[in-house]
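I opened this notebook to record what I looked up in one structure. The entries follow the order in which I consulted it.

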Amino acid sequence: MTSLELEERYSRQVLFPGIGAEGQHKLTQARVVIVGCGATGSALASLLGRAGIGTIRIVDRDYVEPSNLQRQSLFDESDAAESLPKAVAAARKIASFNSQIVVEPQVADLIPSNIESLLAGGDLILDGTDNFETRYLINDYAVKFSLPWIYTAAVGSYCATLNILPGKTACLACIFPDSPRGALETCETAGILNSVVNLAASVAATEALKLLSGANDQLRRTLLSFDLWRNERAEIVADHSRPGCRVCSQREFIHLGGEGRPHITLCGRNSVQIHERRRPLDLAQMTERLKPHGTVRHNDFVLKFWLEPYEMTLFPDGRAIIKGTTDTAVARSLYARYVGS
Ligand SMILES: [Zn+2]
């Protein structure tokens, strides 16, 4: 693409005085990592992809389902019919509206052992996750390596977002020393309004544009929250770290060390994720093995195996999501029986 074409594509953003030609050039050079590509991640990727962020890496562990389509704006019915991994479907969709940027899909669960390779090289990390376990892990990594990240959360009609600039602002653990939802972390999706997601993502994406275009003096230094149903808005000052904070003051990175990380997690309303070990799977071979036991289908990215009343989804890295139970023992025994122990 010539510089004239680039100028035309982003002309409305270049005309905006806060960004200008110089800011736009910085955006085209920028690299962001979006962790989690559900509703918030979709909206972030869409906004930042259209804004011309040069490289967007999308990390997501899940696949598209029909119930996602109400709010996960990058996906179509055909993605759900194919059970495409969200990272892959997102990359395809972004390429259809901006083929000039680089999108790197990573179908993976962000865990301590892969966080360095998945987040390496990013200028900014954006939170599209749905759980505090992963957010604390990102926070540890970001503070340790002094990398900015933006926390974003939405549930029901409520959303909240916070810019974390290590050394300059509070970190996530300064504000939430413990997970606000308690010890048991799940990716349970309670009810949620799609409009709330888009509001949170719009605020976070704007902060990303400020940071990446060099408008650091405009960055918000508060935890900002809205309840759109109740017409409430709140801000909590977050412009300095909390004395004694476990992460940014004591520099204890327990999540990065993998302590307290469960290998089996509840995932969604009625399913369990197993990610105990790395066990590369050949999905075609696995399909042949499972055929005598139930209905099997696979593509390049996932394998689905139906064994009433369960539905098992296998990924090439050996991860499994087992639907139809919240009992981790049942899930583990199904995995052991059909995949291997
Ligand atoms: Zn802190």
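**Entry 1: a hairpin**

I noted that E11 and E12 form a hairpin with four residues between them. Strand E11 covers residues 295–298 and strand E12 residues 303–307, and they pair in the antiparallel sense over four bridges. Two strands pair if DSSP finds at least two bridges between them. Helices (H or I, at least four residues) and strands (E, at least two) are DSSP runs, numbered from the N terminus. I then looked up Val296, whose bridge partner in E12 is Phe305.

**Entry 2: the basis of the values**

I recorded that this is a predicted model, in which local features need pLDDT of at least 70 and side-chain atom pairs count only at pLDDT 80 or more, while totals for chains, interfaces and linings use all residues. Residues are numbered from 1 along each chain as its sequence is written, and side-chain values use heavy atoms, with hydrogens and water left out.

**Entry 3: the zinc site**

Which residues coordinate the zinc ion? I found Cys171 (SG), Cys174 (SG), Cys245 (SG) and Cys248 (SG), at 2.2 to 2.3 Å. Donors are N, O and S atoms within 2.8 Å of the metal (3.2 Å for Na, K and Ca); water is not among the atoms, so sites may look incomplete. The spacing of the donor residues in sequence is C-x2-C-x70-C-x2-C. Cys174 in helix H9 (residues 172–175) and Cys245 in the loop between strand E8 (232–237) and strand E9 (264–266) are 71 residues apart, and this pair links distant parts of the chain.

I noted the geometry next: the site of the zinc ion is tetrahedral, with angles of 96 to 118° among its four donor atoms. Four donors count as tetrahedral if all angles lie between 85 and 135 degrees. The ideal angle for four tetrahedral donors is 109.5 degrees.

Are Cys174 and Cys245 buried or exposed? Cys174 counts as buried because its relative accessibility is 7%, and Cys245 is buried at 0%. Buried means under 20% relative accessible area, exposed over 50%, and partly exposed in between (1.4 Å probe, protein chains only).

**Entry 4: salt bridges**

I looked up salt bridges, each being a side-chain nitrogen of Lys or Arg within 4 Å of a carboxyl oxygen of Asp or Glu. The count comes to 14 salt bridges.

One of them joins Arg61 and Asp109, whose closest N and O atoms are 3.2 Å apart. Arg61 lies in the loop between strand E2 (55–60) and helix H5 (77–81), and Asp109 in the loop between strand E3 (102–107) and helix H7 (115–119), so the pair ties together parts that are 48 residues apart in sequence. Arg61 counts as buried at 15% relative accessibility, and Asp109 counts as buried at 6%.

I also recorded a salt bridge between Asp127 and Arg135, at 2.6 Å from N to O; both residues are buried. In the salt bridge of Arg233 with Glu235, the closest N and O atoms are 3.1 Å apart. Here Arg233 counts as exposed at 53% relative accessibility, whereas Glu235 is partly exposed at 40%. A network of salt bridges links Arg31, Arg57 and Glu104.

**Entry 5: Asn131**

Where is Asn131 found? I located Asn131 in the loop between strand E4 (124–127) and helix H8 (132–144). Asn131 is buried, with a relative accessible area of 7%. Its side chain makes a polar contact with the side chain of Asp130 at 3.1 Å. The side chain of Asn131 also reaches the backbone nitrogen of Glu133 at 3.3 Å. A polar contact is a pair of N or O atoms within 3.5 Å; within protein, one must be able to donate a hydrogen and the other to accept it, and residues adjacent in sequence count only if both atoms are side-chain atoms.

Notes. Four donors count as tetrahedral if all angles lie between 85 and 135 degrees; four count as square planar and six as octahedral if opposite donors are over 155 degrees apart and all others between 65 and 115; anything else is irregular.
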